[in-house]
Each structure stands twice: as C-alpha cells, then as structure tokens.
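Open your viewer and keep the selection tool ready. Each stop tells you what to select and what is there.

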Amino acid sequence: FRRRQKLSYRRGLQVAKRKAVEAASTRDNPRVTAFVKWCRRAGIRLHPKIRIGREGSCAEIGVVATEEIGEGERVAHIPRSALLTCANSQAVRRRLLRDDVTAERLDSMSSWVPLLLAMLAEYGLESASTWYPYLQLVPNYGSAGPPMIWSESQRDTLLAGTSVLQSVHTDAENIARDHATIVLPFMQRHSDVFPPHLQSLDLYEQMVALVMSYSFSDEANPDMLQRTMMVPFVDLLNHHSQHHVELSFRDDHLELVAIRTIKKGEEVMNTYGPLPNASLMHKYGFSEVNNPHDVAYITHTTLTEAVSGSPTVQVRWRQLGKEGLVDPSLLYCVNSVGKIDRKMVLTLKMLHGGKLRYACLRRHLMKELDRDDGAVEDENELTKTGEFNTLSSTETSLLKRVVLRALEELPTSGEYTQTLPQWTSDRERFASHLCHGQYLCLKALLDLLG
C-alpha cells in the first residue's frame with residue numbers, strides 16, 4: 001500500500017511539473033503550447049521552473065526562469081530519438097544509404113547535406129512529420145535573421161566593408177554547387193519523397209540558413225548521419241557571452257545543465273561559442289554590444305586595393321596569388337587591442353623582401369595557411385604588440401594604407417554607432433554594432449602604428 005502511495009505521489013508530482021511548464025508557456029501562442037506537449041510525447045524532460053515564449057526574451061522567442069534555478073540543476077534532458085537528424089528521419093535515411101551515387105560520396109560531402117535532405121523531407125510531410133510541432137516553432141528570426149535571407153541591396157548597404165559580405169557570397173556559390181551536383185539529382189531520383197516544390201534552390205537556401213542558425217554538431221560521433229543535428233528546445237535559447245547553461249552529449253541523450261544560478265525572471269542564455277560579431281552576424285543574424293571576443297577582418301579585396309599604388313608590390317602580390325598563398329577567401333584578423341595575425345605579418349614582409357627572404361618566409365606562410373581554420377579564439381595566432389618593431393618602415397606604411405582603406409570601406413564613420421539615436425530595424429541595429437566593433441579594432445591597430 002505504501003509503495004502504491006509513493007508511486008501515486010511521484011506520478012502526481014510529474015504531472016504537476018509538466019502542467020507547470022505547459023501553463024507558463026501558454027501565454028504567447030498556441031504553437032508554443034503544442035511544442036511543449038510534443039516535448040512530453042517525445043521524452044524531452046524540461047525543468048518545471050521555466051517558461052517558453054516572447055515575454056522576457058531578447059528575441060522573438062526564448063526561455064525564461066519563473067523561479068530561481070540553482071547551479072548544477074538539469075534544465076533539459078533530450079533523448080537522441082527526439083533529435084532531428086538524417087538517421088532519425090527514416091524515409092531519407094533508407095534512401096540515402098541505398099542510393100549508390102550519393103552513398104559513395106557521403107564521406108566527402110559536408111555533414112550538413114544529409115541533415116538538409118532530412119529537413120526538406122520533414123517539411124514536405126507537414127503535419128504527418130514526427131517533428132511537426134517543433135518545425136512550426138522554428139525558425140523564429142523575427143525582423144532579423146542571417147544575412148543569407150536578406151535582400152542583396154540590404155546586404156550591400158548594411159554590411160559594406162565587413163567580411164560578412166564576402167562570406168555570404170562564398171556561401172551562395174557553395175550552396176548552388178552542392179544543390180546542383182548532390183542535392184537536386186538525389187531529390188529527382190526520389191521524387192516520391194521530394195516532389196517538385198521541394199526541389200528549388202530558393203527553398204534549399206532557406207533550409208541552409210535555418211541549419212546554419214539552429215543546428216548543433218557532435219564532432220565525436222562517427223556516424224555521418226547523426227553528426228549534425230537539430231536539437232528541439234535547446235535551439236530556442238538565445239546567445240550571450242555570459243551564458244547560464246551548457247549542453248553535453250551522452251550516449252543516448254543530451255543534457256542541458258545550469259553552470260551558474262539563474263535568477264527568477266532572467267532569460268536562460270546559451271552560448272554559441274566565443275565568437276566575434278562577424279561570425280555571429282554571418283551565422284545567426286545578430287551581434288553583441290561590447291562583444292569581448294570581437295575582431296575585425298581585413299579582406300583580400302582591401303589588401304588588393306591597398307597595394308595598387310605600388311607597381312613593384314603589385315607584381316609580388318600577383319606572384320603570391322599564383323602560388324596560392326593569397327586568395328579571395330582569405331581573411332586577416334585584427335583583435336580589439338590591435339594585434340594582427342601572423343599571416344598578415346608574413347604577407348607584408350614577403351611583399352617587400354628579396355628572393356632569399358621570400359623563399360624562407362614562403363615556408364612559414366604555407367604552414368600558417370595549412371593550420372588556419374578561420375578561428376580567432378587562440379591568442380597565439382595573433383602577434384604581440386612589440387612585434388610591430390620588426391616591420392620595416394615600408395611594411396608599416398603599407399599596413400597603415402591597408403587599415404585606412406578598411407576604415408573607409410565601412411558604411412559610415414566609425415564614431416557613429418553608440419550615439420545613433422534610433423535604428424529603423426533590428427538588421428540595421430545589429431549591422432551597426434558589427435561595424436562599430438570593426439572600427440574599434442582597426443582604430444586600435446592604427447593607434448599602435450602611430
């Protein structure tokens with residue numbers, strides 16, 4: 001009898017917790033209510049002291065603590081069966097593995113492609129999809145969204161002079177290539193799952209923007225079809241560098257755990273990583289004010305225009321291009337205190353050095369390019385301030401021209417951003433923060449150069 005009493009009490013407690021989350025999350029819209037109920041059916045366990053919705057969130061939707069949540073408490077438990085992956089999307093998984101043409105290319109293609117195919121198939125199923133309530137809730141870009149979904153005129157106006165513009169153009173080329181060579185042929189061979197309205201490049205680009213903004217990667221997972229995933233609930237959390245929770249990958253589930261106390265009424269914040277504003281804007285469509293990880297990127301185009309005034313340097317610049325030591329996708333990093341990456345230092349020296357010096361530095365630059373993955377978190381990748389003393393006067397002069405050129409390319413004077421009285425849209429506001437951060441980094445470098 002006592003065991004039955006305890007069991008009944010536990011069940012009642014579980015129901016009360018579930019109803020508390022549902023009740024707290026019904027204020028905003030019925031899609032949130034449907035999603036919370038779907039989470040229960042899918043085995044996703046949510047902390048009873050949270051609310052999903054717009055109220056109290058910095059974005060269109062977020063997660064807010066209704067009571068204080070202590071450090072170490074589990075905010076969410078997500079079984080792997082609830083993840084939206086190619087492995088869990090049965091129709092796509094079977095066809096992908098049985099498709100001889102595509103299966104042979106699995107190891108060489110991006111892990112995004114299988115997930116994108118699964119996303120397209122599940123969207124096509126509409127209410128018949130296992131993840132239908134979840135897909136009704138994402139994406140929730142609001143008035144922002146990643147630049148990939150902006151109009152070309154908006155990108156050219158708001159992102160001029162930033163590396164984001166170059167990154168979006170590169171993305172567009174890669175997306176079009178993957179769609180034409182892998183995705184579209186596969187969908188045409190399996191038109192029973194992918195009818196014609198799911199095969200367009202425009203829809204595929206929208207799916208790429210969604211996956212870029214919301215997906216998670218488990219790089220340790222050996223299964224290509226499970227490595228990149230959509231994680232329901234966790235991807236509703238917004239980003240802040242001073243975050244509250246961390247996601248960990250287990251064998252059969254994922255756990256979201258509080259790493260510090262979350263006060264009542266606070267928005268539960270996740271982190272997308274120690275990313276500069278250029279990366280946040282490129283992938284997610286927003287930027288942080290006073291981002292502690294911010295950097296400026298100097299593009300290949302800026303360098304090309306800066307060296308155009310010297311015929312001798314131009315000849316060496318073209319030589320570097322022919323040897324594959326510079327290319328249009330290459331970016332040079334300047335951090336918030338004016339430190340530059342070693343690629344920039346080596347390139348400046350090679351543009352002015354003799355043949356022997358060129359051959360010696362060439363090996364060092366090749367090593368830098370081989371290990372460069374575009375990340376900027378590693379402080380060792382950036383030169384010490386004192387190393388400017390190793391640049392000759394002509395190298396320093398060229399670097400000044402590069403920095404001044406980069407400043408000129410920003411949409412407006414860099415001193416504008418913090419005092420601008422009113423932004424007309426979120427996109428303008430986030431782009432303004434991005435450009436201001438670029439300005440501060442470049443100005444710090446210019447001050448060091450004198």
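E2 (residues 50-53) and E3 run antiparallel, joined by 4 bridges. Strands pair if DSSP finds at least two bridges between them. Strands (E, at least two residues) and helices (H or I, at least four) are DSSP runs, numbered from the N terminus.

This is a predicted model: local features need pLDDT of at least 70, side-chain atom pairs count only at pLDDT 80 or more, and totals for chains, interfaces and linings use all residues. Residues are numbered from 1 along each chain as its sequence is written, and side-chain values use heavy atoms, leaving out hydrogens and water.

Stay on E3 (residues 62-65). Gly-62 and Val-64 point one way, Val-63 and Ala-65 the other. All are buried (under 20% relative accessible area, 1.4 Å probe, protein chains only). In a regular strand, side chains alternate between the two faces of the sheet.

Next, select the open sheet of 4 strands. Its order is E1-E4-E9-E8, with antiparallel pairing. E1 (45-46) and E8 (245-249) are the edge strands, each pairing on one side only. Then pick E4 (residues 74-79) and E9 (residues 253-258): 5 bridges join them. Find Pro-79, opposite His-253 in E9.

Last stop: helices H5 (residues 112-125) and H9 (residues 201-214). They pack at about 115 degrees, axes 10 Å apart. That makes H5 roughly perpendicular to H9 (65 to 115 degrees). Axes are lines fitted to C-alpha atoms over the stretch in contact, and angles run from 0 to 180 degrees between N-to-C directions.

Key:
Angles under 35 degrees count as roughly parallel, over 145 as roughly antiparallel, 65 to 115 as roughly perpendicular and the rest as oblique. Buried means under 20% relative accessible area, exposed over 50%, partly exposed in between (1.4 Å probe, protein chains only).
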